[in-house]
Amino acid sequence: MVKPGSWSARSGGGCCPLMEPSASGSAADHRLSLQEEEAEEEREWCCTVEDSNSNPLSPAAASHELTAVHQKHLVVTCNYEARKYGVKKIMSVSVAKERCRQLILISGEDLTPYREISYKITELLEEFSPLVERLGFDENFIDITDAVEKRLQQIGSGVVPADFSVSGHVYGNQALNTADGKHVRLALGSKIGAEMRTAICDRIGLTCSAGIASNKLLAKLVSGTFKPNQQTTLFPESIQDRIGNLLQFKQVPGIGPKTARRLEYFGIHTIHALQIFPLDLLEKDLGVIIAQRIHKLSFGEDDSPVTPRGPPRSLSNEDSFRKCSSLDEIRMKLEELLISLLIRFVSPVHLTFQKSSNLVTFTS
């Protein structure tokens, strides 16, 4: 039985600070806190896409100029051209300007344009599959199993054409084996991935990188092999090589910083060490669910399904400022935030996305 696959559009990440268990905490306390942590982290043909432009609405970004988006005094993202000069995320604007004097700064205080583009990308991807799982602004997993199976049926008698090939790169330059059903399905997935990237570029104006693999975890890991604006397919025989090349546990989605510290406490510092460590000892300290999950992740196994989340259940707005010390200043700031929130709530993009997401949510 073929497991469903997914497509992931991504261009960033996030983190959540976690408290270390106290020295006096019991093993049960450790298990509880770790389960809470991993629950917040995160079926067979999978793609990942990362947009190459720091600001999809900026002519400067589109023309490959040195561009960065800032909020207050910090750089929150930048394009690849700027990164070549040492500009990084969460870098102060002053340091970024010192490293790259030609840097063009774009205000990212108003996230509305990014949010609108994000919704448009999700709606576009829903044209390829009704199963689209949004992760933040810039990441979507898409189950494309049905699309792959339909194309497999179109091949007919099962004889793969002599000119059949993979779209884009193959991880490790591994040769396509047309006698292997998994290889053929992944190759078909790569063609669907290329079509998605083309559609995003033609209709939305964003270039993308992509990864095609056998589950969400692997697609995410392989997506950054070649970029910007390229894609990579990972065949099953190369999975352990890709996993083994990870230098830190934080590179594995699903293994958070607290879990990584517990693993290091046991002397586990590499993915290979985690693979061969006695599972029963992990279960005693981390709990059965968490231990078994991260053990599977260390082998590249991820059976988490693509789950459409539907329309947003809540809307929020926030801002940061260095000084707000009087009631008048607080009232003024609250009014600004409330007005911005109300505009978002009644915007056509939000209402359209809410409608289309409901359709996806109730599709069996």
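What follows is a quick tour of cysteines, rings, helix packing and backbone. Keep in mind that this is a predicted model.

Let's begin with the cysteines. How many disulfides does the count come to? Why? A disulfide needs two cysteine sulfur atoms within 2.5 Å. Take Cys78. The closest cysteine sulfur to the one in Cys78 belongs to Cys100, and it is 9.2 Å away, so that is too far for a bond. Now take Cys201. Here the closest cysteine sulfur is in Cys208, at 7.6 Å, and that is also too far for a bond.

Cys201 has 34%, so Cys201 counts as partly exposed.

Next, the aromatic rings. A ring pair is described by two things: the distance of the centres and the angle of the planes. How many aromatic pairs does the structure hold? Two. One of them joins Tyr265 and Phe266. Their centres are 5.8 Å apart, and their planes stand at 80 degrees. That pair is edge-to-face, because planes over 60 degrees apart count that way. Tyr265 is exposed, at 62% relative accessibility. Phe266 is partly exposed, at 28%. Bring in Phe277 as well: Tyr265, Phe266 and Phe277 form one aromatic cluster.

Rings also meet charges here. Which residue puts its charged end over the ring of Tyr80? Arg83 does, 4.5 Å from the ring centre. Look also at Phe141. The charged end of Lys216 sits over the Phe141 ring, 4.7 Å from its centre.

On to the helices. Start with α12, residues 279–286, and α13, residues 288–297. Their axes are 7 Å apart, and they pack at an angle of about 135 degrees. That makes α12 oblique to α13. The crossing of this pair is right-handed.

Helix α12 also meets α10, which spans residues 257–265. Those two axes come within 12 Å and cross at roughly 130 degrees. So α10 and α12 are oblique to each other. Again, the crossing is right-handed.

Now move to α6, residues 145–155, and α7, residues 181–204. The axes of α6 and α7 are 9 Å apart, and the packing angle is about 115 degrees. That makes α6 roughly perpendicular to α7. The crossing of α6 and α7 is right-handed.

Last stop, the backbone. Most residues other than glycine have a negative phi, and most peptide bonds are trans. Where does this model depart from that? Go to the loop between α8 and β11. Pro228 lies in that loop, with α8 covering 216–222 and β11 covering 231–233. The peptide bond from Lys227 to Pro228 is cis, and omega is near 5 degrees. Asn229 lies in this loop too. Phi of Asn229 is positive, near 55 degrees. Asn229 is partly exposed, at 40% relative accessibility.

Then there is Lys72. Phi of Lys72 is near 55 degrees, a positive value in a residue that is not glycine. Where does Lys72 lie? In the loop between β3, at 67–71, and β4, at 74–78. Lys72 is partly exposed, with a relative accessible area of 34%.

That's the tour. Thank you.

Conventions: Residues numbered from 1 in each chain as written. Predicted model: local features only at pLDDT ≥ 70, side-chain atom pairs only at ≥ 80, totals over all residues. Heavy atoms only, no water. Buried < 20%, exposed > 50% of the residue type's maximum accessible area, 1.4 Å probe, protein only. Phe/Tyr/Trp six-rings, centres within 6.5 Å; stacked < 30°, edge-to-face > 60°. Lys NZ or Arg CZ within 6 Å of the ring centre and 35° of its normal. Axes fitted to C-alpha atoms, helices over the stretch in contact; angles between N-to-C directions. Helix = DSSP H or I, 4+ residues; strand = E, 2+ residues; numbered from the N terminus. Parallel < 35°, antiparallel > 145°, perpendicular 65-115°, else oblique. Left-handed = near helix turned anticlockwise from the far one by under 90°.
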